[in-house]
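Please consider the chain shown here, which the dialogue reads feature by feature.

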Amino acid sequence: MVRRNDQRRAALVDAAIEVLAREGARGLTFRAVDGEAGVPAGTASNYFANRDELFTQAGARVYERLQPDDDSIPPARGDRESYAQLMRELVSRVAAFRTGYLALLELRLEATRRPELRKVLTERVRADVDANVAYHEASGLPGDATAVKLLILALNWLIVEQLTLPDVFSEAEREQLITAAVERIVAVE
């Protein structure tokens, strides 16, 4: 029986995220992960039974790393400007983990061919949506669950633009678009 080290496993999964972001799904090989992690050749194959498992573990890990610390979320006030500021901070935080988000795009495409990965990502995205709706309802922010879901959809694509074609919108335009999305999607009660 091979002894497994949880820290090394995490380092290998983090290396897989970096490989996915840089080289895409086709580039995600055990050899590439070993090289990225700086471990001896063959190490990743000792930790993961196959590429499917590596994809699935990377999919779960991206979402772990995208979760904010509770301390980093400012308290919400019940107005749209406060809401827009919260959304601007969210977009900045997610975009700051560039390789993670790019890897996530690769993983989403790969999930169309890998049922186990699709299952993991579906569970993670659904949990994220539910957590955002629950936070929204508990915070006293204006709008309803549908507004939260529409903002998630709109801001996700804004993040994709920012990470893949950063010159389409300037930083000022992105901030204006976030404010406009909140103002147009979130009804004032």
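This is a predicted model: local features need pLDDT of at least 70, side-chain atom pairs count only at pLDDT 80 or more; totals for chains, interfaces and linings use all residues.

A: Residues are numbered from 1 along each chain as its sequence is written, and side-chain values use heavy atoms, with hydrogens and water left out.

Q: How many helices and strands does the chain have?
A: Helices (H or I, at least four residues) and strands (E, at least two) are DSSP runs numbered from the N terminus. Here there are nine helices and zero strands.

Q: Which residues have the most contacts inside the largest nonpolar core?
A: A nonpolar core is a set of buried Ala, Val, Leu, Ile, Met, Phe, Trp, Tyr and Cys residues joined through side-chain atoms within 4.5 Å. The largest one has 53 residues, and those with the most contacts inside it are Leu 20, Leu 28, Val 33, Tyr 83, Met 87 and Leu 107. Helix α8 (residues 145–164) gives the largest share of this core, nine residues.

Q: Which residues is Val 33 in contact with, leaving aside its neighbours within four places in sequence?
A: Contact means heavy atoms within 4.5 Å. With those neighbours left aside, Val 33 is in contact with Leu 12, Ala 15, Ala 16, Val 19, Leu 28, Ala 44 and Leu 54.

Q: What share of contacts between residues at least 6 apart in sequence join residues at least 24 apart?
A: In this chain the share is 68%.

How values were computed: Buried means under 20% relative accessible area, exposed over 50%, partly exposed in between (1.4 Å probe, protein chains only).
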